[in-house]
Every structure is written in structure tokens, then in C-alpha cells.
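Here is a quick tour of one model, taken strand by strand. Keep the viewer open while you read.

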Amino acid sequence: MILTDKEILAEMAKGNILIQPYDRNCLGTNSYDVHLGKHLATYKDDIIDARKHNEIIHFDIPETGYVLQPHTLYLGVTQEYTESHAHVPFLEGKSSVGRLGIDIHATAGKGDVGFCNTWTLEISVTQPVRIYAGMPIGQLIYFEVKGDIENFYNKKSNAKYTTRTDLPVESMMWKNKF
Ligand SMILES: Nc1ccn([C@H]2C[C@H](O)[C@@H](COP(=O)(O)OP(=O)(O)OP(=O)(O)O)O2)c(=O)n1
């Protein structure tokens, strides 16, 4: 079940959900709108290797915006730092963003109970499009879970994305050792 606006507020009051910064106007009927942080990154190498630790180059979106180009994967980050201690958070796109031809995640939309961080966005575009820091970029949806949890994400020793940051984070797939 997806939490409604009232339930999101109630869970925030209980400390189960944290969204920083928080703005009441960003709370939708059953979601919360998140915004594009000013930091972007691209992979340094043209060919990236799923077994290796691929380096990324960080840069900032200027005030005048930044034109994203097709055929490039951009890593972005939400302005919002979030914590979800009892619900599964999902990051979804927004229709208005999709209508600009912007995808904000390549395949990963699901978060884990216990995830405490900003969200890295896996951004690609259909045609060149100018984007701006602070623009609404996605929405968080919170699902109820069934059953007890043995390993909360922030307590798992092998969780890859637990270090708090306001920068986009590259793939840590190399830690999987395959
Ligand atoms: N677009 C996304 C999707 C997820 N996450 C965060 C929330 C998740 O709780 C965390 C880990 O996501 P996955 O479990 O999908 O990733 P991995 O399986 O690769 O990592 P791990 O081994 O740490 O679970 O990353 C994110 O920042 N940006």
C-alpha cells in the first residue's frame, strides 16, 4: 500500500520518514516532490566497465542552466536528503519531466527500508534539453512493508550507498565481485 499525504505527514511526525529540506507544498496526494541538486557528473571514460570502479567527473549546473545531450549518462542528485525507517521509498519520475524527454532513473527506482541519503539520479534525455538546479525532478512514494526486517539498509555492512553526500555517486557494482 502506498502512503497517502496524511500518512506521510503522520510518519514524519513519528520520525519514520525524514525529508530535508521539507516544504509542505511539495507534498502530493500520495507522494513527495523532490528537486534536482546543482551537482552533476558524467563518467570519465567513454567505455565503462561493469567490473571496475569507473571514475566520474563532477561539475555544477550554472545559474543559466545546463543543456543535457542524448547518448550520455548523467548522474544527478536530489536536493533532498531523505530517511525512511519503516517504509520502502520509491523514486519515480514526474509526468512533466517525462514530457520533456528526461528519464531520471535507468532502472533503479526502489529504495530500501533504512536508506538514509540523497538519491542519485541516472539521467538520460531524448533530445537536448536545458535543465536547472532546483527544478522539480521526481517524486518519492512510500510503500508499507509486510513482516519484520532483519537488515535495515543503513545497518548492512555491504550496503554500497550509505555514506552521506550531496554529490551524485557512481556505480559501486565493482564491490559485488563477480
Ligand atoms: N535511483 C536510485 C535508486 C536507489 N537509490 C538508493 C536507494 C537504495 O536503498 C540504494 C540501493 O539501491 P539498490 O539496492 O537498487 O542498489 P544496489 O543493489 O546496487 O546496492 P546495494 O548492494 O547497496 O543494495 O540506492 C538511489 O540513490 N538512486
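## Strands and their partners

In β9, Asp 103 has Ser 124 as its bridge partner. This is a predicted model, so treat the whole walk-through as a reading of a prediction.

That pair belongs to the link between β8 (residues 102–103) and β9, an antiparallel pairing made of two bridges. β9 also pairs with β6 (residues 74–84), again in the antiparallel sense, this time over seven bridges. Look there for Tyr 81, which stands opposite Thr 118 in β9.

How much of β9 is buried? Eight of the ten residues in this strand (residues 116–125) are, so β9 is largely enclosed by the rest of the structure.

Now for the open sheet. Three strands build it, in the order β2-β11-β7, and their pairing is antiparallel. Because β2 (32–35) and β7 (88–93) each have a single partner strand, they stand at the edges, and one side of each has no neighbour in the sheet. On average, and ignoring direction, neighbouring strands in this sheet are turned by 35 degrees against each other.

Within that sheet, β7 and β11 (residues 136–143) run antiparallel and are joined by six bridges. Phe 90 stands opposite Ile 141 in β11. As a general point, side chains in a regular strand alternate between the two faces of the sheet.

Between β6 and β7 there is a loop, and Ala 86 is found in it. What does Ala 86 contact, once neighbours within four places in sequence are left aside? The answer is Asn 16, Val 113 and Val 145. Leu 18 sits 68 residues away from Ala 86 along the chain, with 11 Å between the two C-alpha atoms.

| Residue | Relative accessible area | Class |
|---|---|---|
| Cys 26 | 10% | buried |
| Ala 86 | 26% | partly exposed |

The cut-off explains the classes: buried means under 20% relative accessible area, so Cys 26 at 10% counts as buried. Ala 86, at 26%, counts as partly exposed.

Note on methods
Residues numbered from 1 in each chain as written. Predicted model: local features only at pLDDT ≥ 70, side-chain atom pairs only at ≥ 80, totals over all residues. Heavy atoms only, no water. Pairing = 2+ DSSP bridges. Helix = DSSP H or I, 4+ residues; strand = E, 2+ residues; numbered from the N terminus. Axes fitted to C-alpha atoms, helices over the stretch in contact; angles between N-to-C directions. Buried < 20%, exposed > 50% of the residue type's maximum accessible area, 1.4 Å probe, protein only. Contact = heavy atoms within 4.5 Å.
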